[in-house]
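Q: Can you go through this model with me? Start with how the elements are named.

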Amino acid sequence: MIGWRIHHKAETTSTNLDARGGSHGDVFTADYQTAGRGRLDHKWLSPPGTNLMMSVVVSVAGLSPERVATLPLVIGLAVCRAICALTPVKLGLLRGLSPKIKWPNDVLIKGRKVAGILCERSGDTVIVGIGVNVGQTEFDKEIADRATSLALLSHAGAFRLPSSVLSLRDSILAELDNWYSLWRAGGFTAVYSEIAAVDFLKGRTVTVRQTDDDAAPIVGVSNGIMADGSLDVGGVKVFAGEAHVE
Ligand code: BTN
């Protein structure tokens, strides 16, 4: 088992920045980020004391770049399982929620984003930044129709802050320990069937862009996440990018 070491701050710039120089098992959390970072240089905004913001340092020493590229999917699986593990006992979540991985880095519930993952290589480690919308009930208008939170999905009055954030943090760390260890020992194939079972994009028409203004996006019906971690879009294997559902 990984002996997680938790370092918490009330306020920081970004927990992913705090995690630079950390070693395997270090976990950096904050109640508020003044410069939270998302993928593709997007900002990650989160009201103070409302959501889970955490950066976990894990070792990837000795692993090929191809294997390391599959780590975000393993993290997505851990987040899905952690949410399921808390349903409905600790968070009062509605029964039957089925979180899904939206390749490569998002977790969705009922088609809306509940969590984002930002993995950054740092020497022999990867800094795994995880942001989960826990208690937030209102979102900026640009994302309001695409975002959700555990509070919005729970029974009225069942939700408590900050204990709900801490429950989720511990649940994710327990799942991460399990799935990371399997992946580390047995490769992506050891976790692939579990990931394929929660693949949001399979069978949907998707557009994959490498940048926000990508002039030649890849468009097609997705055959889902492949055994090498790529996304099959109409028979074309895509190894990186941001997927949008039409
Ligand atoms: C995304 O969906 O674009 C990824 C969002 C990742 C956000 C988390 S919050 C904790 C960690 N610190 C950051 O600055 N970003 C990640």
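A: Helices (H or I, at least four residues) and strands (E, at least two) are DSSP runs, numbered from the N terminus. The model is predicted, so local features need pLDDT of at least 70 and side-chain atom pairs pLDDT 80 or more, while totals for chains, interfaces and linings use all residues. Residue numbers start from 1 along each chain as its sequence is written, and side-chain values use heavy atoms, without hydrogens or water.

Q: OK, the ligand. How many residues surround the ligand, and which are closest?
A: There are 20 in the shell, and the closest are S14, Q33, R37, R39 and K113. A residue is near a molecule if one of its heavy atoms lies within 4 Å of it.

Q: Which elements supply at least two residues of that shell?
A: Those are α1 (15-18), β3 (52-59), β6 (112-122) and β7 (125-132). The largest share is from β6, with four residues.

Q: How do the residues of the shell divide?
A: Ten are polar, six nonpolar and four charged. Here Ala, Val, Leu, Ile, Met, Phe, Trp, Tyr, Cys and Pro count as nonpolar, Asp, Glu, Lys and Arg as charged, and the others, Gly among them, as polar.

Q: Which pocket does the ligand take?
A: The ligand takes the space of the largest pocket, as more than half of its atoms must lie within 2 Å of the grid points. A pocket is an open set of points on a 1 Å grid over the protein atoms alone, where a 1.4 Å probe fits, with protein on both sides within 12 Å along at least five of seven lines; lining residues have an atom within 4 Å of a point.

Q: How much space lies in the largest pocket?
A: About 1100 Å³, counted as the space filled by probe spheres set on the points, which are joined across faces, edges and corners. The lining has 46 residues, with H42, W44, K113, I143 and R146 closest to the centre. Elements giving two or more residues to this lining are α1, β3, β5 (106-109), β6, β7 and β12 (242-245). By class, the lining has 16 nonpolar, 16 polar and 14 charged residues.

Q: What about the second largest pocket, what volume?
A: About 440 Å³. Its lining has 22 residues, and V68, A69, T70, P72 and F239 lie nearest the centre. Twelve are nonpolar, five polar and five charged.

Q: Changing topic, the backbone. Is the W103 to P104 peptide bond cis or trans?
A: The bond is cis, with omega near 0 degrees. P104 is in the loop between β4 (100-102) and β5.

Q: And what phi does L40 have?
A: L40 has a positive phi of about 50 degrees, although L40 is not a glycine. That residue is in the loop between β2 (26-33) and β3.
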